[in-house]
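Here are some short notes on one helix and its surroundings. Please read them beside the coordinates.

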Amino acid sequence: MSGTSAGDLFARYCLPGNRYKKLLSGSFIRAGREQALEFGAAMMGDGRQASASELEQLLGGDWREALTACWLIGFALRSEFREELHGLIKEGDARRTGKGVAFALARFCQPSDAYALKRYLQRSLSELQNRGNQPWCLGALLYIERRLGIRVSQDLLASEGLWDRWSVAGFLETDDPSYWEREVAAWIELAESLN
């Protein structure tokens, strides 16, 4: 890996088929089953093949590299990166990577992932002008809760609570939390169908 430049990693992992753009928009999941499976298989293969140092370098790169790294980590279930992903949202440094972080943590699906997402949401939902990753992080949290049979989001979703106030403060496709859980669940279902 010592001879691998950032440009080489970007070309190898982020560019094929406009991968990072599809990850940012989520368009890969709406492309039709065959195309989604092909995309997911390529992501899983690259996520398993990438060395830890390559993934670390991608995570430390620009948003396109970090976003791609999060999805590669999630598809390949590279849970050794859990702390790095928890750190991204703890520091509020998820930038445009929020969908990828949400996917990977939902895929890891442990109580610590749920609590990391909740801490992020408690802070970010209180900043009404901060519009970005919250819906997918909430969807990931709800997915983990349902999968593990735990409940940690009740105060976020209380009537006139943080989610209600945040969701009415700006444009949002829907304020229905179950919609965002279904979005995340579709990503997870795709990954699990490739295991």
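1. Which residues in α3 meet which residues in α11? Arg33, Ala36, Leu37, Gly40 and Met44 in α3 meet Glu189, Leu190, Ala191 and Ser193 in α11, where contact means heavy atoms within 4.5 Å. The residues of this contact divide into five nonpolar, two polar and two charged; Ala, Val, Leu, Ile, Met, Phe, Trp, Tyr, Cys and Pro count as nonpolar, Asp, Glu, Lys and Arg as charged, and the others, Gly among them, as polar.

2. This is a predicted model, in which local features need pLDDT of at least 70, side-chain atom pairs count only at pLDDT 80 or more, and totals for chains, interfaces and linings use all residues. Residues are numbered from 1 along each chain as its sequence is written, and side-chain values use heavy atoms, with hydrogens and water left out.

3. The axes of α3 and α11 (lines fitted to C-alpha atoms over the stretch in contact, with angles from 0 to 180 degrees between N-to-C directions) come within 9 Å and cross at roughly 70 degrees. α3 is therefore roughly perpendicular to α11, a class that covers 65 to 115 degrees.

4. Helices here are DSSP runs (H or I, at least four residues), numbered from the N terminus. Buried residues of α11 include Trp180, Val184 and Ile188, buried meaning under 20% relative accessible area with a 1.4 Å probe, protein chains only. Among the elements covering the buried residues of α11 are α5 (63–75) and α9 (134–148).

5. Alanine 140 is found in α9 and counts as buried because its relative accessibility is 0%. Beyond neighbours within four places in sequence, alanine 140 is in contact with Ala102, Ala106, Leu117 and Val184.

Definitions and conventions
Buried < 20%, exposed > 50% of the residue type's maximum accessible area, 1.4 Å probe, protein only. Helix = DSSP H or I, 4+ residues; strand = E, 2+ residues; numbered from the N terminus. Parallel < 35°, antiparallel > 145°, perpendicular 65-115°, else oblique.
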